[in-house]
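Thanks for coming, everyone. Let me put the sequence and the structure on the screen, and then I will talk you through two places in it.

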Amino acid sequence: MRMVDLIEKKRDGYELATEEIQFIIRGYTDGTIPDYQMSAFAMAVLFRGMTERERADLTMAMVHSGDMIDLSAIEGIKVDKHSTGGVGDTTTLVLAPLVASAGVPVAKMSGRGLGHTGGTIDKLESVPGFHVEISNEEFIRLVNENKLSVIGQSGDLTPADKKLYALRDVTGTVDSIPLIASSIMSKKIAAGADAICLDVKTGAGAFMKTLEDARELARAMVSIGRHTGRKTIAVISDMSQPLGYAVGNALEVKEAVDTLKGKGPEDLRELCLVLGSHMVVLAQKAGSLKEARAMLEASIASGNALEKFKVFLKSQGGDVSVADHPEKLPQAKFQIDLPALESGYISGITADEVGLAAMMLGAGRATKESKIDLSVGIVLHKKVGDPVKKGESLLTIHANQEDIAEVKEKLYKHIRISKEKTAPPRLIWEEIE
Ligand code: URA
Ligand code: CA
């Protein structure tokens, strides 16, 4: 087989055979296929697309390019949840203990990642003492015992995807549905998921800005799940404004605790109940979404979900008292309110710009080497549709730097107030299975 023939085959719109896709991924991983041929191939895929079968083959070829996590020692159906990324997306911190309290085994392998705020691990590390450096044996024991554990990324998972994603990033080939879908799904399957619950975001703060694109990506991933024997469902949810009120690491931990206590923001609670219900059904712990939702609501009301979070924190060295004393989480030196300049209704809060403002405060990582400030971020007091009076606080900026003129300017620019009442955006657009 020659790579040039396969590039031409895809360029001319033909379907590649399973062995041909395996040849490409194997060769690219071991270096016998050079970057210039792989980038030509990626561009051919971007223009020509891939059939559902080709996408599934590409996904599995990338899964087999490196280590696969074996979770077979954990009892039950392991359901993983994945979000395509948003601003102030605190769902994992709430969902993990919430569904674990309903008996779903949550064996979460998480990375640190780049972005406006840190990843799930960064957020959890704002709890004093909490750590994810545990052995695989300990990880499995904890999931069997408590139904929940989080471990840092170890092993060499999907090296083909790492190499290809970096190449796509500099060759104009990121925006291809088959390539995005197989990239995301390969990582979930390699991490040991039996079933997958996807939260595909849409709106200004999302990777997929339009509903049409989000729907296409969601369908592509659900189809890959079907072809690879991993039952997959996708929820398309709003990311035009940040989710919940808090954007920041320690700030989101507090928000998650509030939500587990039944006192969190309505949108965050609702999205967690919708995603969580799917996870409970995927894990076969309930026969219907309605039954699953009732279980989760009861778990919040009884305090079981919060208790599960405490047991989990304690099992990995965390100070459980933060649940009742959030002031023990890292605190920023300055808390500065941003007063509304006029009266009216909030008509827009551009999610990605709020994310960038949090990043300017130090809440996120621009490069792998940057250090995160866990204490800083933004807490909104208003969401789209809320009435506001001139002088009332729109949000509080938590900062460790005194000069935040630029951050304020950005936030004022991207929080819009109008005289007419505006309806809040729809939270859940579609559920695809
Ligand atoms: N996220 C991924 O993991 N892969 C892509 O290709 C795009 C977004
Ligand atoms: Ca939030």
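This is a predicted model: local features need pLDDT of at least 70, side-chain atom pairs count only at pLDDT 80 or more; totals for chains, interfaces and linings use all residues.

Residues are numbered from 1 along each chain as its sequence is written, chains are lettered from A and ligands numbered from 1 in the order in which they are written, and side-chain values use heavy atoms, with hydrogens and water left out.

Around ligand 1 we find Tyr165, Arg168, Ile180, Ser183, Ile184, Lys187 and Phe207, where being near the ligand requires a heavy atom within 4 Å of it. An oxygen atom of ligand 1 lies 2.8 Å from a polar side-chain atom of Arg168, and an oxygen atom of the ligand is 2.6 Å from a side-chain N or O atom of Lys187. Ser183, for its part, places a polar side-chain atom 2.6 Å from a nitrogen atom of ligand 1. Such a polar contact is a pair of N or O atoms within 3.5 Å.

Now to Lys371, which is exposed because its relative accessibility is 76%, and exposed means over 50% with a 1.4 Å probe, counting protein chains only. Leaving aside residues up to four places away in sequence, Lys371 touches Gly362 and Gly364, a contact being heavy atoms within 4.5 Å. Between Lys371 and Gly118 there are 253 residues in sequence, yet their C-alpha atoms are 9.8 Å apart in space.

Note on methods: Buried means under 20% relative accessible area, exposed over 50%, partly exposed in between (1.4 Å probe, protein chains only). A polar contact is a pair of N or O atoms within 3.5 Å; within protein, one must be able to donate a hydrogen and the other to accept it, and residues adjacent in sequence count only if both atoms are side-chain atoms.
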